[in-house]
Structures are given as structure tokens and as C-alpha cells.
Amino acid sequence: MYAIVEIAGQQFKVAKDQKVFVHRLGTEEGNNVSFDNVLLVDNGGDVTVGAPAINGASVEAKVLRHLKGDKVIVFKKKRRKGYRVKNGHRQALTEILIEGISASGAKKAAPKKKAAPKATKGDDLKKIEGIGPKIAETLAAAGITTFADLAKAKPAKISEIIADVRGNHVTDTWPKQAKMAAEGKWDELKAWQDELDGGVEK
């Protein structure tokens with residue numbers, strides 16, 4: 001069993017009989033102290049998560065001793081200014097012994113909801129000679145999202161769908177191109193597209 005608890009502004013993963021060094025506490029050596037800002041408790045795989053803290057959960061500890069941490073050198077320098085300052089710092093710490101973790105009254109975390117399956121994207125209709133981003137978007141809005149959809153559509157119907165798109169669009173070859181794309185005949189399609197001019201046979 002372990003818990004994640006906030007002690008003196010820091011978060012620690014603690015378990016029973018573990019010794020932890022924390023920022024200096026105001027409690028005297030030998031006294032007991034309780035921390036109730038428990039963020040998570042794992043009791044043999046049964047995980048409880050707080051929002052942010054768990055109501056009713058606490059971590060009981062005993063203050064073993066107060067001490068100072070190792071010296072850290074703080075050196076500051078400014079180039080070409082002749083400014084050099086060297087200071088030492090020893091952090092005031094408290095060593096505590098975790099005596100127990102109480103999860104009484106804690107509510108279990110709600111099970112995660114499964115993400116909804118992502119919608120399957122259609123084919124890239126811009127691979128059809130003569131179709132640009134705006135036309136592809138207009139066709140998709142009309143329900144034509146795949147090469148197979150476009151291959152089944154009549155040129156006159158396609159022209160009707162894209163009537164509001166600016167430009168002069170000849171749709172005669174689009175269903176045939178889409179059919180070749182749907183069948184995976186890319187080399188054959190590419191060779192034919194080289195002979196087309198904006199989707200129009202020369």
C-alpha cells in the first residue's frame with residue numbers, strides 16, 4: 001500500500017515504515033504529525049484518486065530529527081561587469097518516519113470512460129485531376145468522401161453539387177479517375193492524368 005501526499009509544498013510517494021526528508025516542519029522531534037492532503041492511495045491495486053485531495057484519507061508520521069541538507073554553492077557572475085558573488089546554502093530539512101496510511105472514508109475513483117471510436121477518414125479526393133481543396137470539401141459535405149463514392153456519381157450530379165464553387169470545372173473524367181484510384185491502379189491513373197489538362201482530356 002502506498003500513497004501520494006503533499007507535505008510542506010512537495011509531493012511524495014510514501015509507504016509504511018519509509019523514511020522521508022521533507023522541508024523543515026514546525027513539529028518537535030519525537031512528536032507525531034498527520035498529513036491529510038492525500039492525492040492518491042493504492043491499496044493492493046485498488047486505486048483511489050482525489051479531486052484534488054481524498055476526503056477522509058491521511059498519512060501518519062513521526063518526526064525523527066531536524067537537520068540541514070548538503071551545502072549547495074550559488075555562484076552569480078555578469079560578464080564584463082566585474083560582478084562575482086558566491087554564496088552557500090543548506091536547506092533546513094526534517095526526517096520523518098511514515099507510520100501508517102489511512103484511507104477510511106475515501107471514495108473510489110470513477111472508472112475511466114472509454115474513448116469514442118474516431119470517425120474513419122475518407123480518401124484524399126484531391127488526387128483526382130481537376131479537384132482542389134474547395135471542391136473536395138464541397139463533395140465531402142454532400143456525402144462523397146471516398147474514391148468509390150465518386151466513381152458511382154454521375155458527372156452531371158457532380159457538376160450540380162459543385163455549382164457554387166468558383167471556376168469552370170469539367171467533371172467528365174472524375175468518376176473514371178476515382179474508379180482507377182479505388183482499384184489501386186495508381187500507375188495507370190498517373191499516366192492518364194499526365195495527358196489530362198485540369199481533368200479534361202486534351
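**Ground rules.** I am working with a predicted model, where local features need pLDDT of at least 70, side-chain atom pairs count only at pLDDT 80 or more, and totals for chains, interfaces and linings use all residues. Residues are numbered from 1 along each chain as its sequence is written, and side-chain values use heavy atoms, with hydrogens and water left out.

**The chain.** I found five helices and twelve strands in the protein chain; these are DSSP runs, H or I of at least four residues for helices and E of at least two for strands, numbered from the N terminus. Of its 202 residues, 29% count as buried (under 20% relative accessible area, with exposed over 50% and partly exposed in between; 1.4 Å probe, protein chains only).

**The positive patch.** I looked up which residues form it: Lys76, Lys77, Lys78, Arg79, Arg80, Lys81 and Arg84. Members of a patch have over 30% relative accessible area and no salt bridge, and like charges are joined within 9 Å. Strand S8 (residues 72-78) gives the most to the patch, with three residues. Lys76 lies in that strand, S8, and is partly exposed at a relative accessible area of 49%.

**Glu129.** I located Glu129 in the loop between strand S10 (92-102) and helix H1 (133-141). Glu129 is partly exposed, at 26% relative accessible area. Glu129 and Gln177 are 48 residues apart in sequence, yet I noted 7.8 Å from C-alpha to C-alpha.

Notes:
Patch = residues over 30% accessible without salt bridge, like charges linked within 9 Å, V, L, I, M, F, W, Y side chains within 5 Å. Areas by Shrake-Rupley, 256 points an atom, 1.4 Å probe, with all protein chains shown as cover. Salt bridge = Lys/Arg side-chain N within 4 Å of Asp/Glu carboxyl O. Lys, Arg positive; Asp, Glu negative; His and termini not counted. Charge placed at Lys NZ, Arg CZ, Asp CG, Glu CD.
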